[in-house]
Amino acid sequence: MNAEQILFILFGAVSLIGAIAVISFRHPIYSALSLIVTFFAQAGLFVLLGAHFVAAVQVIVYAGAIMVLFLFVIMLLNLGTLSVQGAIGRKLKGLAIILGILFAAEGIYIAMNALNDTAVASAESTGATITTTTYDIGELLFSKYLLPFEVTSLILLAALIGVIVLVKREGQEEN
Amino acid sequence: MLQATITLQLYKGGIFIDRAIMPTTVKGKGFYMSLEYYLILSALLFTTGVIGVLIRRNAIIIFMCIELMLNAANLAFVAISRSLGEATGQVFVFFVMTVAAAEVAIGLAIIVSVFKHRQTVNVDEVNSLKG
Amino acid sequence: MTIELIVVLLVAPLVGFLVNGLLGLSKNKGLKGNEQLSGWIGSLAVLVSLVCSIIAFASLHGGAAPFDETLYEWITGESFAFNIGFRVDALTSVMLLVITGVGFLIHVYSIGYMHGDEGYTRYFAYLNLFIFAMLILVLGNNYLMMFVGWEGVGLCSYLLIGFWYEKQTATDAGKKAFIVNRIGDFGFLLGMFTLFAAFGTLDFTSIFDAAEADNFQKVFGASTLVIATLLLFVGAIGKSAQIPLYVWLPDAMEGPTPVSALIHAATMVTAGVYMIARSAVLYNIAHTGEVVAWIGVLTAFFAATIALTQNDIKRILAYSTVSQLGYMFLGVGVGAYASGVFHLVTHAFFKGLMFLTAGSVMHAMANELDMRRMGGLKAKMPITHWTFLVGALAIAGFPFLSGFWSKDEILHSAWGSSPIIYAIGLVTAFLTAFYMFRLIFVTFYGESRVEPEVDSHLHESPPVMWVPLAILAIPSALIGLLLGWGGHESWFHHFTKSVFPEAHHEASGNVILFMVISSVVGLAGIAFAWSRYRERTPSEEPTNALHKLLVNKYYVDEVYNALIVQPIKNGSHYLLWRIVDNGIIDGIVNGIGSIIRFIGGTLRRLQTGLVQVYIVSMVLGIVLFLAYYLFFL
């Protein structure tokens, strides 16, 4: 068992446990903190995969910005301990678990058959696998994917305006 | 099935070593985890997120579960990107993160305004669309 | 002859219609109620057309080539094109003169007749529109244009019959005319379709040329033309009030009397005759003229017998019109197209004249129509009497007056076709003379039976009315002599020779002999009427079964009512409305509504409004879809 395997098992276990903790804790704050743990573990996995840029963004954007937003909202709304599941939760719990297991089974089945895909298999077998650098990503992003890249800026702008409108309207009504 | 796939993979690994051009060798790691372990992990994380969405009633937690699913997808993207030796997968992760950021901003704003109106963030108490 | 002339000729009445129509809508009291203005605008418009018609006629008479020009394409398709085009040849120019000439006089007459009527402006607008439509009918150089005019005059006829729409009988009569005409128009349409299917065009020139060409006969055979001409004749039967569709015309007398004169005597009802004369080439090839002739002569006889016993002067004139139209069809049916059209012309004048004099009588008699309450009017209304007498003598075939010439030509041609037809025609001529002079003797001679309070107002009509009468009386008397002198060698035949093909049956026998026979028969009719009605009024009650049958017009209306109208009404009410509409259609509609409501009510429960229920369904779907995709595909 080499270092990568050990690290994979470590990060994988942490992220899975974190994920289960997210859906298990009663208090949203704990859930949020568990999610941060998961995100960090995933950043580790990204590093393991040689995707250093993505790992960095994961930490900065997800674990940093987005989760801060979550925590901020939770504290703003001052939500206390909540029951894990409501009326429907109870009714649906069995069905949800069964569906989840089926879903996971299917996912795993796909994952294991992914390498039967000739394109993936051939790429791996030729050994062209080279750790991609931030330089590669940047080149793709500003050449081939320039238009989608610009569109994301529009999405962010729309989100910005949307948030302002949502909040501002509430303010006016209160006045 | 699982056993057979792993065998196949090990065999492939053997070829890599024979050719002595294995990138892991260049980087001095010797061996790396094969793709499907990452994909299985991704599937498990995604399923966790789905179950969370199904059984939790708190809108914020449901949101976190959605983030969880997005991250699981990101993991699959990056793993396949490495496997193909291409950066495209990571570019898509970038896009997913952007959309996720936007979505979280809007979603949380909606939750805040719902909370202002109804003093609750439980999705089973917000059922104005009941037919 | 130029296209400009035709356009002015055609558009002048349309302008009159639009101006009068707008005046009718005007809020300005000075404009709206101004009778003189509307009347003279309407008359002037027709006068312009009359002048153009005279110019066109003069140009044709001077030897100019017939005008046939397409203005523009109206409807174009891959394999067909319908054009707006005009054709002015001898036949058209004669029709133009009749329409605008008689039309103009009737317009002028209407100025006086309609005095004080509330719908004065509307009346003139309709009348102008009618002239416009009638001009399109005769000017068109294809069947589609003719059909447009055909429907246009039908519409105006409907509007004018029901002109006094407050009167139930008037609106009923309008509807009856419209519906009965619809049957005929249906035939016309089918005829057009047949022609189009065979020839791929509706242009007169193309169709006639193709029909005359030998290869058409080989390709289609004569049966196509037989069907087409018979269907067209159905249209003519409706429009020109022949058996069995004549029933609308007597009822159409509910309209104002000048309308009866213009539309239901002089012009519109002769459209069928015009159409057959126009299609003479087709009828000649198809040999369907005999059907036309038989229908015509039977109608002539049948209507004349009904006219014998009527007491309403307008109805007598209406049946007389039906009868005379029958003569025209007899003429064109036996191949004497020129004679048929000649009778059309003379009839337009003398029948128009008689209707106008009848209107004059009504005007004086406070709209009384029953001649049993008249009598001795000669003294009070001399001009009306004399002009009516001229018209009656003309229709009765008094020697050297108009009707004598035209009717004699038709009978002469009929003899060449079939002696039986000739015999029926001759009897009808006798009946015609009899019922016309019965009308004259009862109305204008003998003791006055006028109600005292009406009698005090009894007066001759104003000049604006009697001047047109006097003017009309002149052509009524003389036009036959002018145009018809010389029988088949007459000027009229010469003028229209280029339009009509050679007849099958050459008229044979001594022309003079036929003239003498006709005259004797006509005079005998007059004499018989004189002997019976000089002193006597028509009896109030029918004296015998035959009389009763005639008074009740052979019960044709009642038979139609029982056989057609009532079954349709009952069928509509009980079958179509109660069962089909209320039961089946409403049942289906309401049933669909109930089913959807039930399904909706059931499925509504699925919409819990709970997001997680929706998500569960979604995940379930994904799982199933993935399973199918992975394991079954």
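Predicted model: local features only at pLDDT ≥ 70, side-chain atom pairs only at ≥ 80, totals over all residues.

The structure holds 14 salt bridges over all chains.

**Exercise 1. Determine how helix H1 (residues 3–25) and helix H5 (residues 120–139) of chain C are oriented to each other.**

Step 1. The axes come within 8 Å and cross at roughly 155°.

Step 2. Angles over 145 degrees count as roughly antiparallel. H1(C) and H5(C) are therefore roughly antiparallel to each other.

Step 3. The crossing of H1(C) and H5(C) is left-handed.

Step 4. Residues of H1(C) in the contact include C:Ile6, C:Leu9, C:Phe17 and C:Gly21, while those of H5(C) include C:Phe124, C:Asn128, C:Phe132 and C:Leu139.

**Exercise 2. Determine the orientation of helix H3 (residues 52–77) of chain A and helix H5 (88–118) of chain B.**

Step 1. The axes of H3(A) and H5(B) come within 11 Å, with a crossing angle of roughly 5°.

Step 2. Angles under 35 degrees count as roughly parallel, and H3(A) is therefore roughly parallel to H5(B).

Step 3. On the side of H3(A), the contact includes A:Phe53, A:Val57, A:Tyr62 and A:Phe70; on the side of H5(B), it includes B:Val93, B:Met97, B:Leu108 and B:Phe115. The residues of this contact divide into 21 nonpolar, two polar and no charged.

**Exercise 3. Repeat the analysis for helix H2 (residues 28–48) of chain A and helix H3 (residues 35–55) of chain B.**

Step 1. Here the axes come within 13 Å and cross at roughly 165°. This angle makes H2(A) roughly antiparallel to H3(B).

Step 2. The crossing of H2(A) and H3(B) is left-handed.

Step 3. From H2(A), the residues A:Thr38, A:Gln42, A:Leu45 and A:Leu48 meet B:Tyr38, B:Leu41 and B:Leu45 of H3(B). Five of the residues in this contact are nonpolar, two are polar and none is charged.

**Exercise 4. Describe the contact between chain C and chain B.**

Step 1. Ten residues of chain C and 14 residues of chain B take part.

Step 2. About 900 Å² is buried between chain C and chain B, and carbon and sulfur atoms give 65% of this area. C:Gly609, C:Leu610 and C:Gln612 supply 45% of the area that chain C buries against chain B, more than any other three residues.

Step 3. Between chain C and chain B, the number of salt bridges is zero.

**Exercise 5. Locate C:Pro244 and B:Gln119, and describe the backbone at each.**

Step 1. C:Pro244 lies in the loop between helix H9 (214–239) and helix H10 (248–251) of chain C. The peptide bond from C:Ile243 to C:Pro244 is cis, with omega near 5°.

Step 2. B:Gln119 is placed in the segment after helix H5 (88–118) of chain B. Its phi is near 60°, a positive value in a residue other than glycine.

Definitions and conventions
Residues numbered from 1 in each chain as written. Chains lettered and ligands numbered in written order. Heavy atoms only, no water. Axes fitted to C-alpha atoms, helices over the stretch in contact; angles between N-to-C directions. Helix = DSSP H or I, 4+ residues; strand = E, 2+ residues; numbered from the N terminus. Parallel < 35°, antiparallel > 145°, perpendicular 65-115°, else oblique. Left-handed = near helix turned anticlockwise from the far one by under 90°. Contact = heavy atoms within 4.5 Å. Nonpolar A, V, L, I, M, F, W, Y, C, P; charged D, E, K, R; others polar. Buried area = accessible area lost by both parts, 1.4 Å probe. Salt bridge = Lys/Arg side-chain N within 4 Å of Asp/Glu carboxyl O.
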